[in-house]
Amino acid sequence: ELTKDETKPGMARAYALGVIGSIGTDEVVPYLEEAAQDDDYGTRWRAIAHLGAIGSTRAVEILISICKDPAKMNSLDRYYAVAALKKVKNREAIPVLLRALKDKYEMQDEAGNKFHIDHNAAEALGSIGDPSVIPYLEEALRDDPRLGYSIAKALGKIGNETAIRLVKRILADDKSTPGAKQEAKRILDNLKTPKALTFPAPDKK
């Protein structure tokens with residue numbers, strides 16, 4: 001009830017949400033769904049973050065619905081929902097993430113910090129790891145080199161031959177941002193570094 005009580009201080013409501021979210025089961029998802037519609041901005045984004053941490057089928061459905069909601073199209077709620085889907089790594093989110101990848105809306109909070117949905121969408125697609133999204137990432141990069149860092153990061157997570165070929169292209173492309181080149185180089189350097197061999201512990205007799 002504390003999460004609904006607008007007479008309580010914001011910190012108290014945030015604490016209550018934290019307790020609910022820490023339970024981490026589907027039982028608390030209805031409470032988080034309601035909190036995600038709260039009038040208070042801080043309550044909404046905390047609820048959205050907890051839904052991403054839980055990552056259940058119902059939690060993912062709610063996050064996807066936030067992304068689809070026309071009323072939230074140009075809002076930080078949608079930004080945080082895409083960020084939450086980055087943690088979930090659920091293929092069901094691919095269609096809304098592909099739409100978000102084309103979203104050039106720049107949001108700004110009260111402190112003046114700027115947020116871009118398309119960057120988060122690219123990284124979320126990479127976290128899912130489905131190679132079928134590579135052509136969409138390639139197209140997005142061609143249309144907007146500003147996305148280079150996030151797309152390089154996504155391609156590195158997918159990690160198949162096609163993805164790595166595109167990472168090499170980012171590194172070689174004069175249009176790539178310094179951040180994109182740095183991330184591409186990091187990915188390629190990691191591929192060259194041999195992984196440490198591990199051996200099973202000897203049986204104790």
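Predicted model: local features only at pLDDT ≥ 70, side-chain atom pairs only at ≥ 80, totals over all residues.
Student: Helices, then. At what angle do α5 and α7 cross?
Tutor: Roughly 20°, and their axes come within 8 Å. Helix α5 covers residues 76-88 and helix α7 covers 117-128. Helices here are DSSP runs (H or I, at least four residues), numbered from the N terminus. Axes are lines fitted to C-alpha atoms over the stretch in contact, and angles run from 0 to 180 degrees between N-to-C directions.

Student: What does that make α5 and α7 to each other?
Tutor: They are therefore roughly parallel. Angles under 35 degrees count as roughly parallel, over 145 as roughly antiparallel, 65 to 115 as roughly perpendicular, and the rest as oblique.

Student: Which residues of α5 and α7 meet?
Tutor: R78, Y79, V82, A83, L85 and K86 in α5 meet I117, N120, A121, E123, A124 and S127 in α7. Contact means heavy atoms within 4.5 Å. By class, that is 7 nonpolar, 2 polar and 3 charged residues. Ala, Val, Leu, Ile, Met, Phe, Trp, Tyr, Cys and Pro count as nonpolar, Asp, Glu, Lys and Arg as charged, and the others, Gly among them, as polar.

Student: Now α8 and α9. Parallel or antiparallel?
Tutor: Roughly antiparallel. The angle is about 160°, with the axes 10 Å apart.

Student: What meets what between α8 and α9?
Tutor: From α8, I134, L137, A140 and L141; from α9, G148, I151, A154, L155 and I158.

Student: Changing topic. How much space lies in the largest pocket?
Tutor: About 220 Å³. A pocket is an open set of points on a 1 Å grid over the protein atoms alone, where a 1.4 Å probe fits, with protein on both sides within 12 Å along at least five of seven lines. The volume is the space filled by probe spheres set on the points.

Student: Which residues line the largest pocket?
Tutor: E138, L141, R142, P145, G148, L166, R169, I170, D173, K175 and S176. Lining residues have an atom within 4 Å of a point. The elements giving two or more residues are α8 (134-143) and α10 (161-172). By class, the lining has 4 nonpolar, 2 polar and 5 charged residues.

Key
Residues numbered from 1 in each chain as written. Heavy atoms only, no water.
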